[in-house]
Amino acid sequence: MNQSTLRTSCCRVTSGCNLLLRQHQASSVVCCRNVSSNSSKSNPPDTSLFVPVSLKTDTLDDGSVGAELTQPLDKSELLKMLNRFYKRKEMQKLAADQGLDGKKIIHSCLFHQTFISFRKYVLEMTSLPADLHIILNDICCGAGHTDDIFPYFLRHAKQIFPMLDCMDDLRKISDLRVPANWYPEARAIQRKVIFHAGPTNSGKTYHAIQRYLAAQSGVYCGPLKLLAHEIFERSNSASVPCDLVTGEERTFVDPEGRAAGHVACTIEMCSVSTPYEVAVIDEIQMIRDPSRGWAWTRALLGLCAEEIHVCGEPAAVDFIRELMYTTGEEVEVHNYERLTPFSILNHAVESLDNLRPGDCIVCFSKNDIYSISRQIEARGLECAVIYGSLPPGTKLSQAKKFNDPDDPCKILVATDAIGMGLNLSIKRIIFNSIVKPNVNEKGEKQMETISTSQALQIAGRAGRFSSVFKEGEVTTMHRDDLPVLKEILSRSVDPIKTAGLHPTAEQIEMFAYHLPDATLSNLVDIFVSLSQVDGMYFVCNIDDFKFLADMIQHIPLNLRSRYVFCTAPINKKQPFVCTSFLKFARQFSRDEPLTFNWVCRHIGWPVAAPKNIKDLVHLEAVHDVLDLYLWLSYRFMDMLPDTASIREIQRELDDVIQTGVRNITRLIRATDPNITDPLQTHGNSLDQAGNSRKDTGSTFLTKGKGQRGPEGRIDSSLASRLVRDGLLTPDLLKQLQREWSQSSSQSALLSEQTNKNSKGKRKKK
């Protein structure tokens, strides 16, 4: 390559740069003119998610030709020139048009990252490409303009950020606007949509199910396995053959395994390709759920049924009607009133001595469940216990025990797990607390007052139409909570405004084709960053998915298998379940089947009966591990072949857990025999007489007071709980302890001085 050829090439690149700059200026005018009408403007990428690729510093093919044709470059002059280039607003705008957005945080934007890499490359490389060397030399000599660097800067950017060349493709893949078009089979038929709107215990689901049972074929989509089981049993009892499909179970009524015309399923498992006469979507208000809302959106838009019967809160009617406008389908609304009334009492319970048959105390933590159930049984009363992590069989067993009029158990202690899915004969709902732990958008744990929708869902369980109590009552355990609960229940439910969406496995696979070096967690992050949704939708929370993706990132799995593993319904707060998940993935990656014997060795089967609460919690985790096996077995049948054996030992485990829950008071006592009043360690607790305590951890959170031990330190049980829940940091705890210790010491000194003074006065007398 001779010098004239090189200079001609450089001139072409320079003129190309000037052309790009002119095009940018022209397009800027157009953008300014049309920006107000561009409602579907694409999102700028979150550039902090793009990780630059390391460039090889091998010897260049053209060696030091540039230096031979011109002269060696002055590094100090180069640095000044590059810094001038970086500060040029025109270059930043031109870079943004090429995907190097500079509008994000300065240290994470692609323009900044590229410049740092380019500057290091220019200043540290012993020999630069000839064309770049000549351009830099011309600029230093005054024969070129600083802007002439841009084409080489852009070339470098595409080397370290290869995704820039496929950004348009990535945007198209992650375009989540008009999701109704994702389901051509559903759009090919004109569906009739009927919304059954009403509060709890209004018969809305009953009317939808009656139409479902009368149809030639139908699908019921519910939020819980218990609800799917209930419809499965009701349908078959009504001589309407019905199959059951949940994440962990497939039950066919036909002995030969042929599919029945009706199916009851959890909503994530519904088929959007099978034609039905009638489909029922229960609890439609969960379409706005930050984690699971996508499943309701998919069912509503994608089910191939002539009639779609939607059941839920009236607050969802307007939104569902608007959503159906996008499919060209009208919504027929049937409104229902509550079948039996419930009233809010004017007095709180205040003492466990005031409990009556048919009472249900609602708590928002298992620790409160344990404490209150022990207090109740200490008074000679039997109580049933229901909380979310119990196996379905145990929940049903406890519900049956409470509902049985011949059983001496007349009190129920439960979490908000009773809000849907169980038929319970409750006369009075008692809120033990009106605040519950929640995780905010930043992933931080915080305590929040329950919403009107949550309060109504729970309160509505009192005095159900099918129970022995024809009228319900609602109150609180503590006097101070009652006016707050009344105010919450007096509000109207916030109208639903958005529906959830979630990236599919196919979309993530297409992303991986363009970004083969990115991790699954990073792929999902980039997808969400680039995704475009209109105002009716949002992208569901993917933190749990990313948590599992990061956990098994080091395990060699193909992308589809990795994606399926990461969608498994796992409680990440359970260390044993997470460890098991990791072992399952590792065994799977070795292409070694997960056999019954292998699983038994891992979980330590057979298990012993629980001796304390810790043992019971572990058995609940073991049950979750078996659920994980069953869930995976329906996705990878050849690798998890022993489904029948696992289900058999899971039933045995359920019996062991049921026995443990029946003896829960003994287990609590065995866990910590020194606790005479477990409620004293909890916020909003009661004293031994069952009276409301004012000086508890709950008051400490709101009024700055706390329980102190004999040495002025915060009670260790309360302290550990506050630290664990993220309401108190270890550093702040130490600071409080120091302050209390100082306060205690000062009080002791003052008391000692007072005693001395009083002794002195007595001596004078």
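This is a predicted model: local features need pLDDT of at least 70, side-chain atom pairs count only at pLDDT 80 or more; totals for chains, interfaces and linings use all residues.
Helices (H or I, at least four residues) and strands (E, at least two) are DSSP runs, numbered from the N terminus.

**The eight-stranded sheet**

- Start with an open sheet of eight strands, in the order β4-β3-β5-β2-β6-β7-β1-β8 and with mixed pairing; two strands pair if DSSP finds at least two bridges between them.
- At the edges sit β4 (249–251) and β8 (331–335), each pairing on one side only.
- From one strand to the next, the twist averages 15°.
- Helix α13 (residues 317–325) packs on this sheet, where it touches β1 (192–197) and β8. The direction of α13 makes about 165° with that of β8; angles run from 0 to 180 degrees between N-to-C directions, and axes are lines fitted to C-alpha atoms, for helices over the stretch in contact.

- Strand β2 (residues 218–222) pairs with strand β5 (residues 262–266) in the parallel sense, over five bridges. C221 stands opposite C265 in β5.
- β2 also runs parallel to β6, joined by four bridges. Y220 has V280 in β6 as its bridge partner.
- Six bridges join β6 to strand β7 (residues 304–312), again running parallel.
- How many residues of strand β6 (residues 275–281) are buried? Six of its seven are, so β6 is mostly covered; buried means under 20% relative accessible area, exposed over 50% and partly exposed in between (1.4 Å probe, protein chains only).

- Strand β10 (residues 359–362) pairs with β12 in the parallel sense over four bridges, and V362 has A414 as its bridge partner in β12.
- Strand β11 (residues 383–386) pairs with β12 in the parallel sense over four bridges, with I411 of β12 as the bridge partner of C383.

**A buried glutamate**

- E473 lies in strand β16 (residues 472–476).
- Its relative accessible area is 16%, so E473 counts as buried.
- Leaving aside neighbours within four places in sequence, E473 is in contact with F342, S343, L345, R356, K427, R428, I429 and A462; contact means heavy atoms within 4.5 Å.

**Helices α19, α20 and α21**

- Helix α19 (residues 520–530) is mostly covered, with ten of its eleven residues buried. Among them are N522, D525 and F527.
- The buried residues of α19 pack against α8 (167–173), α18 (505–514), α20 and α21.
- The axes of helix α20 (residues 543–551) and helix α21 (residues 559–566) come within 8 Å and cross at roughly 125°. That makes α20 oblique to α21; the cut-offs are under 35 degrees for roughly parallel, over 145 for roughly antiparallel, 65 to 115 for roughly perpendicular, and oblique for the rest.
- The crossing of α20 past α21 is right-handed: a crossing is left-handed if the near helix is turned anticlockwise from the far one by less than a right angle, and right-handed if clockwise.
- F545, L548 and A549 of α20 meet Y563, F565 and C566 of α21 in this contact.
- By class, the contact of α20 with α21 has six nonpolar, no polar and no charged residues. Ala, Val, Leu, Ile, Met, Phe, Trp, Tyr, Cys and Pro count as nonpolar, Asp, Glu, Lys and Arg as charged, and the others, Gly among them, as polar.

**Helices α24 and α25**

- Helix α24 (residues 613–633) and helix α25 (residues 643–662) pack at about 155°, with axes 10 Å apart. That makes α24 roughly antiparallel to α25.
- α24 passes α25 in a left-handed crossing.
- Residues making the contact include L616, L619 and E620 of α24 and T643, I646 and R647 of α25.
- The contact of α24 with α25 divides into twelve nonpolar, four polar and four charged residues.

Terms used. Residues are numbered from 1 along each chain as its sequence is written. Side-chain values use heavy atoms; hydrogens and water are left out.
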